[in-house]
Amino acid sequence: MDRSAALQVSHWARIGREMERSREIPHSEIAAVLKGETHYDHLDDPCAQAIVRTVWAEEMKLWRESLDLETEFVAQGLPFAELDESGDVVIREPVDSRAQHRR
């Protein structure tokens with residue numbers, strides 16, 4: 001899952017080639033699941049299910065990488081918890097910007 005951009009393009013090209021080669025993989029059914037038009041459980045073909053799971057996993061990875069919850073929480077003045085280098089839980093309290101300006 002830690003592919004470079006070039007390896008990522010190669011990965012998706014390989015998936016595309018396999019889909020085009022196989023007349024048995026239901027392309028329209030896969031597309032319908034990915035668009036949210038039908039449910040994953042309606043896919044009977046294990047290869048089609050594997051393709052959908054691969055796409056979902058990649059989309060989730062990209063979504064997780066785009067998150068910056070610390071910035072969002074700080075901007076909203078919310079406390080949050082995280083793990084330090086030792087794996088211990090550290091609670092980050094919101095910073096009172098008025099108190100910092102008085103210093």
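# Reading the terms used for this predicted model

Tyr40 sits in the loop between H2 and H3. The model is predicted.

User: What makes Tyr40 buried or exposed?

Analyst: The relative accessibility of Tyr40 is 17%. Buried means under 20%, so Tyr40 counts as buried.

User: How many aromatic pairs does the structure hold, and why is the one of Tyr40 and Trp56 called tilted?

Analyst: There are 2 aromatic pairs in the structure. In the one formed by Tyr40 and Trp56, the centres are 5.3 Å apart and the planes stand at 45 degrees. Centres within 6.5 Å make a pair, and planes under 30 degrees apart would be stacked, over 60 edge-to-face, so 45 degrees falls in the rest, called tilted. The pair links distant parts of the chain, 16 residues apart: Tyr40 is in the loop between helix H2 (27-34) and H3, and Trp56 is in helix H3.

User: Why is Trp56 called partly exposed?

Analyst: Trp56 has a relative accessible area of 34%.

User: How far apart are Tyr40 and Val52 in sequence and in space?

Analyst: Tyr40 and Val52 are 12 residues apart in sequence, and their C-alpha atoms are 8.0 Å apart in space. Val52 is one of the buried residues of H3, which also include Ala48, Ile51 and Val55.

User: How do you know that the span of H3 is close to what is expected?

Analyst: H3 has 21 residues and reaches 30 Å from first C-alpha to last. At 1.5 Å a residue the expected value is 30 Å, so the span is close to it. At the start of this helix, a side-chain oxygen of Asp45 comes to within 2.6 Å of the backbone nitrogen of Cys47.

User: Why do Lys61 and Glu65 count as a salt bridge?

Analyst: Their side chains meet at 3.1 Å, N to O. The cut-off is 4 Å, so the contact qualifies. Lys61 and Glu65 are 4 residues apart in helix H3, which means they are separated by about one helical turn.

User: Are Lys61 and Glu65 buried or exposed?

Analyst: Lys61 has a relative accessible area of 13% and is buried, whereas Glu65, with 51%, is exposed. The limits are under 20% for buried and over 50% for exposed.

User: What makes Arg92 and Glu82 a salt bridge, and which parts does the pair tie together?

Analyst: The closest N and O atoms of Arg92 and Glu82 are 2.6 Å apart, and the cut-off is within 4 Å, so the pair is a salt bridge. Arg92 lies in strand E2 (residues 89-92) and Glu82 in strand E1 (residues 80-83), so the pair ties together parts that are 10 residues apart in sequence. Arg92 is partly exposed at 36%, and Glu82 is partly exposed at 28%. By this rule the count comes to 2 salt bridges.

User: How many helices and strands does the chain have, and in what order do the elements run?

Analyst: The chain has 5 helices and 2 strands. From the N terminus on, the order is α-α-α-α-β-β-α. Of its 103 residues, 20% count as buried.

Conventions: Residues numbered from 1 in each chain as written. Predicted model: local features only at pLDDT ≥ 70, side-chain atom pairs only at ≥ 80, totals over all residues. Heavy atoms only, no water. Buried < 20%, exposed > 50% of the residue type's maximum accessible area, 1.4 Å probe, protein only. Polar contact = N/O pair within 3.5 Å; in protein donor to acceptor, adjacent residues only side chain to side chain. Phe/Tyr/Trp six-rings, centres within 6.5 Å; stacked < 30°, edge-to-face > 60°.
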